[in-house]
Amino acid sequence: MLGALVAPHVAAKVDREDVAAMIDAALSKRPSTRVEGVRGDGSSVKVEGQHKAFPAVVRALGAGVHVFMVGPAGSGKTTLAEKAAESLGKSFRAMSVGPQSTQYHLLGYQDAQGRYVSTAFREAYELGGVFLLDEVDAGSASVLTVINSALANGACEFPDGRVKRHADFLCICAANTYGLGADRVYVGRQQLDG
């Protein structure tokens, strides 16, 4: 009964087309990110409409610097990493980690017949490319120690032997927190070593 009394006074003032037009107008005023660059092989690349951090990430990766990105879920970290690899002409591999992830998810293992079973990390590390370790602040310390060792030492011990890091290997770590541990929004996050 209350709804019937109020309904005549709350009639819709905008329809679906009006809302779509307002969204289009707002988006047309939004500055778009445009990146132009030259790859190592001399070819040029133009990328438009990317995340606002895209130019900084591409510059860092282009300079051979590994990247740590922090942002809330759905903020575009994974897409940014993939598009950055694409713009640099590098292959892209990714892995999400969680509390149950182990070093073997990164390093691989030898099966019962003694055959080495590889991983996306191994392929990028050995052959070159961009590797995204997603949700890094949800990972266990053993996973993060492997990453730290592989990045800091220039070589990594895999189950089938020592592998030198490829000159074109770059790592991006993506997290939801700044490594200080759980907060009210991300309760399953770990503290990260400095």
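Does Ser87 count as buried or exposed, and at what relative accessibility? With a relative accessibility of 6%, Ser87 counts as buried, because the cut-off for that label is under 20%. This residue belongs to helix α4, which covers residues 77–87. Its side chain reaches the backbone oxygen of Ala84 at 2.8 Å. Please keep in mind while reading that the model is predicted.

Four strands make up an open sheet, in the order β3-β10-β7-β4, and their pairing is parallel. At the edges stand β3 (67–70) and β4 (92–96); each has a single partner strand, so one side of each lacks a neighbour in the sheet. From one strand to the next, the twist averages 20 degrees.

Strand β10 pairs with β7 through five bridges, and the two run parallel. Within that pairing, Leu133 has Cys173 of β10 as its bridge partner, and Phe131 has Cys171 of β10.

How many of the seven residues of β10 are buried? The count is seven of seven, so the strand is mostly covered because each of these residues falls under the 20% cut-off. In a regular strand the side chains alternate between the two faces of the sheet. In β10, Phe169, Cys171, Cys173 and Ala175 lie on one side, Leu170, Ile172 and Ala174 lie on the other, and all of them are buried.

In soluble globular proteins, nonpolar side chains tend to be buried together.

Leaving aside residues up to four places away in sequence, Leu106 touches Met95, Thr119, Phe121, Arg122, Phe131, Leu133, Val143, Val146, Ile147 and Phe158.

The aromatic rings deserve a look of their own. There are six aromatic pairs in the structure, and two of them are set out here.

| Pair | Centre to centre | Angle between planes | Geometry |
|---|---|---|---|
| Phe121 and Phe131 | 5.2 Å | 70 degrees | edge-to-face |
| Tyr125 and Phe169 | 5.1 Å | 65 degrees | edge-to-face |

Each of these pairs links distant parts of the chain. Phe121 in helix α6 and Phe131 in strand β7 are 10 residues apart, while Tyr125 in helix α6 and Phe169 in strand β10 are 44 residues apart. Phe121 is buried at a relative accessible area of 1%, and Phe131 is buried at 0%. Tyr125 and Phe169 are buried as well.

Which residues do the ring pairs link into a cluster? They are Phe121, Tyr125, Phe131, Phe158 and Phe169.

Notes. Residues numbered from 1 in each chain as written. Predicted model: local features only at pLDDT ≥ 70, side-chain atom pairs only at ≥ 80, totals over all residues. Heavy atoms only, no water. Contact = heavy atoms within 4.5 Å. Pairing = 2+ DSSP bridges. Axes fitted to C-alpha atoms, helices over the stretch in contact; angles between N-to-C directions. Buried < 20%, exposed > 50% of the residue type's maximum accessible area, 1.4 Å probe, protein only. Polar contact = N/O pair within 3.5 Å; in protein donor to acceptor, adjacent residues only side chain to side chain. Phe/Tyr/Trp six-rings, centres within 6.5 Å; stacked < 30°, edge-to-face > 60°.
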